[in-house]
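Here is a short tour of one protein model, written to be read with the structure open beside you.

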Amino acid sequence: EEIFPREAKFAPEAIYYGSLLGQIEMIRSGTIEFTDMYPAFDSQARAVEESGLRASLSVELLHNDWSSGNRVTSASFDEGEAIIKKWKGKADGRITLLSEIHSVYLYDTAFLKDVVGFSKSNNIGINMHLQETEKEVTDSLNELGVRPVEFFESIGAFDVPVTAAHCVYMTEEEMQVLKNRNVLAAINLTSNLKLASGIPDLPKMLEIGVNLG
């Protein structure tokens, strides 16, 4: 109700400068590579071309229309394929392309299966948020009858390289799934503390052998 309507007003050029500013800050801190999930792919990719960093950027394939008062999800796989054709191997090979799934809750789940199929057919990975909050897990159980990790496993999402952000509310069994499937758990402690959404069990994840970033 707040963030998405505001973001929809961002012009591509504003996103380009915002991304470039973030990349300048990363360079100053010694960061050489980042992963991002944001619309206006061309704007971010142009900034990466200029900055010299390496980046894994997400191709936005799904869109929601809320004008009816209900969520209506649509897909733009043709646009996604055009982005891949335009940017694959560009910026001296510094840009890696990923499909954006975002989360189990943002889009109609039937479309998430299509994104998995798109990723496999185009030989690219997936970027998602995974079990960031208790509500995400509870809603998934109520709506799908399973937790998000089990849902994504069931649709084959982990058959391709996956970057899964947050991973706060994970059972040991789910951590084992991430390890076995070589999922990169991208930890975001600052974000988790800002939202008071919890702290992932890093000692246990390290003990099990989850790939952490």
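How many cavities of 30 Å³ or more does the structure hold? In this predicted model, there is one cavity of that size. The largest cavity has a volume of about 40 Å³, and its lining is formed by Val104, Tyr105, Glu136, Asp139, Ser140, Glu143 and Leu144. By residue type, that lining divides into three nonpolar, one polar and three charged residues.

Now for helix H3, which spans residues 41-51. Its buried residues are Phe41, Ser43, Gln44, Ala45, Ala47 and Val48. They pack against several elements at once: helices H2 (12-29) and H4 (77-87), together with strands S1 (33-36), S2 (54-60) and S5 (95-102). Just after H3, glycine 52 adopts a positive phi of about 90°.

Aromatic rings come next. Four aromatic pairs turn up in a search of the whole structure. One of them joins phenylalanine 41 and tryptophan 87, whose ring centres are 6.4 Å apart with planes at 55°, so the pair is tilted. Because phenylalanine 41 sits in helix H3 and tryptophan 87 in helix H4, this pair ties together parts that are 46 residues apart in sequence. Both partners have their accessibility listed here:

| Residue | Relative accessible area | Class |
|---|---|---|
| Phenylalanine 41 | 5% | buried |
| Tryptophan 87 | 6% | buried |

Another ring has a charged neighbour: arginine 46 lies over the face of tyrosine 16, at 4.2 Å from the ring centre.

Notes:
Residues numbered from 1 in each chain as written. Predicted model: local features only at pLDDT ≥ 70, side-chain atom pairs only at ≥ 80, totals over all residues. Heavy atoms only, no water. Buried < 20%, exposed > 50% of the residue type's maximum accessible area, 1.4 Å probe, protein only. Helix = DSSP H or I, 4+ residues; strand = E, 2+ residues; numbered from the N terminus. Contact = heavy atoms within 4.5 Å. 1 Å grid on protein atoms, 1.4 Å probe; cavity = no way out; pocket = protein on both sides within 12 Å on 5 of 7 lines; lining within 4 Å. Points joined across faces, edges and corners; volume = space filled by probe spheres on them. Nonpolar A, V, L, I, M, F, W, Y, C, P; charged D, E, K, R; others polar. Phe/Tyr/Trp six-rings, centres within 6.5 Å; stacked < 30°, edge-to-face > 60°. Lys NZ or Arg CZ within 6 Å of the ring centre and 35° of its normal.
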